[in-house]
Amino acid sequence: DGLVVSEKVKSNNVDVKIPKSELEAEEKGAEERPRESDSNILDVSSDYPRDKHISIQRHLADLEKLADLREDERKPCPLCPEEKFKACYSHKLHRHLQNLHWKVSVEFEGYRMCICHLSCRPVKPNLVGDQTLSKMGAHYHCIICSATIVRRTDMIGHINRHVNKGETESRFITVRAPKPSYEVVKESATDVQVLPNHSTPQKTDSYFNPKMKLNRQLIFCALAVLAGERKPIECLDAFGATGIMGLQWAKHLRSSVKVTINDCNENSVTMIKENCHLNKMKVKLNIKEEDDETVGNGEENSDTIEVTKMDANVVMHLRSFDFIHLDPFGTSVNYLDSAFRNVRNLGIVSLTSTDISSLYAKAQHVALRHYGCNIVRTEYYKELAARTVIAAVTRAAARCNKGIEVLLAVALEHSVLVVVRVLRGPTPADDSAKKVRYLIHCQWCEERVFQKEGNMVEENPYQQLPCDCHGSMPGKTAVLLGPLWSGPLFNTGFLRRMLLEAVQYGLDEAQPLLKTLVCEAECTTLKHFSTHSPGDENKQEECGVYIRTSNTYAESCLVHGKRKSEEVLRGAAKRQRAEHSAEHPPFYYNLHRHSIKGMNMPKLNKFLNYLSEAGYRVSRTHFDPMGVRTNAPLAQFKTVLMKYSAPTYVGAQAEGPVHLPGEIQVGEGVPAAAAIKVEEAELVEDDKSGVAAATFTQSYPTRCAAD
């Protein structure tokens, strides 16, 4: 009965005099069972088999209770060993606990994780085999996972990582910890819940980057174009994270698509389900289990999203899809073989590569390891990165007896987006594999040319370069880059239909970029750009595939019989082969990189007109704001730039052509040496600036040759 009375007294905090013998017996029994510092700590249950460490307390008074401070006796510190802090009186022990242990503690959910000096971790057994306790220095005990952390800053970071992952339920806290605070982000009429640190992929499971909005809009436009060709299509977002991309697909395209969102992380799958319910979508789990809970008034099948928790390679091996998007953290080469294994014929595979350090030639050894490609930093490094990714995609598709057609290749701020159409069969696979070639790059003038087709070894590969740097410079002047994709990067018809979809769905950020891409694909300036070309309304063919448009006669040809349909396909293939001769030229030149020292170069738009008047195809490029995509050789590019540049020291001279005697015929393939050679100028009489003009004319060719 005395033991029962003592427990009641202890729980009600009533001061009752207890015999000393009973008190000593009770304290002795308390040491044998798990210690309870106050009424706020739960007893140890079967789910949580271990009590909290004594260094984790709510108040300083609780820590002092452990020391059992008494004025007439010396007491040791409960968190320090005897050899570190000897027993002392209560006033000195109080200052020790307050200034050393409590002052540098880490706070979490009302608890303080005080610094501990005890021997809390066994060392590895030595050669003899005995195992002893190590005398650790100052350290902390985590209240959530009971890990031992040495530094205070590391302990704070450790706790923050638990909070970011939603692991805030401590085994020692009585009250259930609240759910982590979510932020609701709205993008393209789609709401998603994200964690506070959603923009740091290393520290969160649900990565969401608002800067990738343009990337998501481009992928949506590509899917909308594919949904217009055939319905319904099965599409996969292999790395869902928050599920924002798949939710946008299902919310806007409705019954045209059957969306599957996959992620291998359990926390991400939970968040995807919550975001589906937030957007009034039904959820179908793990292919077999269905969630019958309906939120809102949705249609029967159009508002259902399938959520799977698998590895991306596994889900692509198990099922076939019409549209697959890969957006892993880093390179996507590990998932290409699985993506092309079961993708349907004429389907689309899009991938976003964020490993720009290797693709932009900052880590060349990583590019060689991941993509099997040798690259260096050049003025056209962004397009080089896109062609590197496409080459890896081509080889992966060819291993599955599939060919590709590149529909879109874009280098955005922190990523490279590639969208390709899949063509099943060994013949398309062989045709695509032949377009993977090496690039000869001159390191002096940065002229470049793809190596000629064929397996025969050339005696002098420098002859393929248009420049004469190898003859005028000592040593080796060129480097072999690749293998790279040598085909076109854009499909004009597909881009025009993407632009129409962007206008229809009000995607304002994607429209300017798509207009630039259409001009770049056609190698024209914006002045000559038109959304509807005369033939687009009646025909749209890609890869020899006839796509349904407003032309009723063509539709009837496709419906009436197989033979007529094959004839239309063959005719479309012939027309496409004729159009391939006018594809955009590879690579571009940077205007600032090739500007002439001491000269004011013309404005970019005026320079485009000058090149166009000289008879060359020319356009701007999204890869570089000062880049010029043209089929003109570098020598002719510099000749036109020199002709229309003005000297910096002639302030009153208007921008226009520099009248050099001995007219240079641009566009006739004049060599660089002949273009630079200029005859001596004759002095112009009755001209106040005649002396200056003569001086400039005599010294100008020398400076140009030096540059």
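Predicted model: local features only at pLDDT ≥ 70, side-chain atom pairs only at ≥ 80, totals over all residues.
Residues are numbered from 1 along each chain as its sequence is written. Local features require pLDDT of at least 70 and side-chain atom pairs count only at pLDDT 80 or more, while totals for chains, interfaces and linings use all residues; side-chain values rest on heavy atoms, with hydrogens and water left out. Helices (H or I, at least four residues) and strands (E, at least two) are DSSP runs, numbered from the N terminus.

Helix 6 comprises the 17 residues 213-229. At 1.5 Å a residue, helix 6 should span 24 Å, and the 25 Å between its end C-alpha atoms agrees with this; the expected span is 1.5 Å times one less than the number of residues. The axes of helix 6 and helix 16 (residues 492-504) come within 9 Å and cross at roughly 105°; axes are lines fitted to C-alpha atoms, for helices over the stretch in contact, and angles run from 0 to 180 degrees between N-to-C directions. Helix 6 is therefore roughly perpendicular to helix 16 (65 to 115 degrees). The contact (heavy atoms within 4.5 Å) involves Leu218, Cys221, Ala222, Ala224, Val225 and Glu229 of helix 6, together with Phe494, Arg497, Met498, Glu501 and Ala502 of helix 16.

An open sheet of three strands has the order 18-17-19, with antiparallel pairing; two strands pair if DSSP finds at least two bridges between them. Strand 18 (448-450) and strand 19 (478-485) each have a single partner strand, so one side of each lacks a neighbour in the sheet. With direction ignored, neighbouring strands of this sheet are turned by 25° against each other on average. Six bridges join strand 17 (residues 436-442) to strand 19 in the antiparallel sense, and Leu439 has Leu481 as its bridge partner in strand 19. Helix 13 (residues 381-399) lies across strand 17, strand 18 and strand 19, at about 50° to strand 19.

A second open sheet, also of three strands, is ordered 22-25-24 and antiparallel. Its edge strands are strand 22 (589-590) and strand 24 (618-621). Two bridges connect strand 22 with strand 25 (residues 624-630), and Asn590 stands opposite Gly627 in strand 25.

Strand 6 (residues 183-187) and strand 7 pair antiparallel over five bridges, with Thr190 of strand 7 as the bridge partner of Glu187. Two residues lie between the strands of this hairpin, in which Ser188 takes a positive phi near 55°. Four of the five residues of strand 7 (residues 190-194) are buried.

Methods. Parallel < 35°, antiparallel > 145°, perpendicular 65-115°, else oblique. Buried < 20%, exposed > 50% of the residue type's maximum accessible area, 1.4 Å probe, protein only.
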